[in-house]
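Colleague: Hi, could you walk me through this one? I'd like to hear how the pieces sit together.

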Amino acid sequence: MIKIEKLHKSYPIGKGALHVLKGLDLHIKEGEFVSIMGSSGSGKSTLLNIVGLLDGHDTGNYYLNGQLIENLDEKKAAILRNKFLGFVFQSFNLINYKSALENVALPLYYQGIGRKERNKIALQYLDKVGLKDRAEHLPNELSGGEKQRVAIARALVTNPKVVLADEPTGALDSTTTHSVMELLKEINREGMTVFVITHEEDVASETDRIVRLKDGVIISDEKVNKKVII
Amino acid sequence: MFDLDRWQEIFQTVRKNKLRTALSGFTIAFAILLFTLLFGIGNGLKHTFEKQFAGDSQNSIFIRSGKTTKPYKGLQSGRQIQFRNDDSKFINEKFEENIQFFSPNIERFAQASYKGEQNKYTVRGVYPDYLPLESAVIEDGRFLSVLDIKNKGKVIAIGRLVEKDLFGNLSAVGKNIVLDGLSYRVVGVFSDPGGDNEERFIYAPFTTLQGIYKPNDELDRFGLTFNPNLNVDEAIAFSNLLTKVLKEKHKVDPSDQSAIRVQNYAEGAKNVQQLMFGLNIIILFIGIGTLIAGVIGISNIMVYIVKERTKELGIRKALGATPNSIIGMIMMESIFITASSGYVGLLLGVFALEGITNTVEEYGILNPSVETYVVVGATIVLIIAGTIAGFIPAKRAASIKPIVALNDE
């Protein structure tokens, strides 16, 4: 689903350049639940931005759904994002003057789906995250956990290939963190590829595979031993 | 082009972001309102001037005679200069090319009566050419004819107010008025843009009055209009030459200002034209100034709006909005707000002008109004300005990488 080969990325800083990603190789298959662990400055956010087509890379290859990503202009990137990727952000990034339902329906608007149809679909996904009764509420009328559920519903509404979550629980307390992670797990169980970025061990340990990043290189990549519930 | 869904999206942003909608809408509406008011009042001033100077034809010249004040060629000062019929002939022949209308003129103050109603009026003996000289217009019947001159007919054309004084609401045409004891038939009624005084004149055939009031071939003054193809300077040169030639003929010192007096409206017209030109420039300046203020206002607000929305635009981009759809959305919103609030400002301005018409007319500003095409043009200018002002930051916002936009706080 996501295949990265010798990926390099640096940012210009003053006259020099900050080399953030130093030749990453990563392969994520369909249906995996992967977390990228690392402290701040390890390059994990940069990696997510590149994978999420929010930012470009310098050298190396990136295949999304078997398609080589190169020479993307903004328009193509926007269409690919809309089609293949769903985003969940740390700060939720809901549009504050739109109701929960409208926020969830927005990606469908950019697919050219009519109002009635997209509201119907959006309501189904709100129901899936347990917020059907909150559909008409504005983001500032929702709790942090509820906001993130809305954001997850929005990420899912286009039925993407991959859900990318950048510190999805960074702004949540431990109880809501747990319930949000349960929701992501459930989504994964239904077959969705989920790609989480976090610096919290607890969160990473809920996933199936942990990739540890330090100073722009992968230092470990291991499957998590699932505890068997007796 | 018309995409209902797109408009619904825009209506929602407009409705949900009342402050910025109000800000930009107010700027535009206020600019158009001010523009309409200032332009309208400027136009009112213009109308006032036009009316003040509308009394006589803009290319008319009047020549009067008086007493000499300087001795000349052995003749003493204090000599009365008297125009005669041969002067008419002389002027007409000598300046045929430059003269458009020409009429010698006799003037008397006469007692007029009709069935017991009576009043004193200025009676002028004129030729048919005199009507256009005064810019007067026949309202009823006809003016004096060549035949009336030839036959020394006892016929008159009277001003609108003479008719009103003597006949009330009845028509005067065909009735007889007694002037200084002699009966004249009214053949026509005229109006004159010069105002009430000019509409209290009575015109009779020149030959008729000369026969009654003058011992022989004497006359009082000349009125003429010069060829309208002459420009102001040529017209002034023409009237100077006319003065010089007449002074020579009557043996008047060329520097004697009172024996033969030539009153040329061209000089006045020149001043008025310059004044009007100046006024037009001022009006134009005010108009353009107001528009520029509006353009700057709307540009600032558009920049602010796009800045404020950077994060929202980043979210939209992350969710699949293409750069073009971002630009389109901002521009359509901007056009929608400028067009609708421009229209509101236009309506307010026109109503406000209507409202102040009576008040400002007391201060001599007549009929303050604006041509529709001017206001609509101004609104279109602001819409285009708003569009361009929206386009530049929208394009920049659309080209910001979504990740940068998302980090914007």
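Predicted model: local features only at pLDDT ≥ 70, side-chain atom pairs only at ≥ 80, totals over all residues.

Colleague: Thanks! At what angle do H5 and H6 of chain A cross?
Modeller: Helix H5 (residues 144-156) and helix H6 (residues 174-189) of chain A have axes that come within 10 Å and cross at roughly 15 degrees. Helices (H or I, at least four residues) and strands (E, at least two) are DSSP runs, numbered from the N terminus. Axes are lines fitted to C-alpha atoms, for helices over the stretch in contact, and angles run from 0 to 180 degrees between N-to-C directions.
Modeller: That crossing makes H5(A) roughly parallel to H6(A), a label for angles under 35 degrees.

Colleague: Which residues meet there?
Modeller: From H5(A), they include Gln148(A), Ile152(A) and Leu156(A); from H6(A), they include Val180(A), Leu183(A) and Ile187(A). Contact here means that the C-beta atoms, placed from the backbone, lie within 7 Å.
Modeller: The contact of H5(A) with H6(A) has five nonpolar, five polar and one charged residue. Ala, Val, Leu, Ile, Met, Phe, Trp, Tyr, Cys and Pro count as nonpolar, Asp, Glu, Lys and Arg as charged, and the others, Gly among them, as polar.

Colleague: Switching to the sheet, what is the strand order in chain A?
Modeller: This open sheet of six strands runs E6-E7-E8-E3-E9-E10 in chain A, with mixed pairing. Two strands pair if DSSP finds at least two bridges between them.

Colleague: And which are the edge strands?
Modeller: Strand E6 (85-88) and strand E10 (217-223) of chain A, each pairing on one side only.

Colleague: How many residues of chain A are in contact with chain B?
Modeller: On chain A, 19 residues are in contact with 20 residues of chain B. H2(A) gives the largest share of the side of chain A that touches chain B, six residues. By class, that side has ten nonpolar, four polar and five charged residues.

Colleague: Last one: in what sense do E3 and E4 of chain B pair?
Modeller: Strand E3 (residues 99-114) and strand E4 (residues 117-126) of chain B pair in the antiparallel sense over nine bridges. They form a hairpin with two residues between them, and Lys115(B) in the turn has a positive phi of about 45 degrees.

Note on methods. Residues numbered from 1 in each chain as written. Chains lettered and ligands numbered in written order. Parallel < 35°, antiparallel > 145°, perpendicular 65-115°, else oblique. Contact = placed C-beta atoms within 7 Å.
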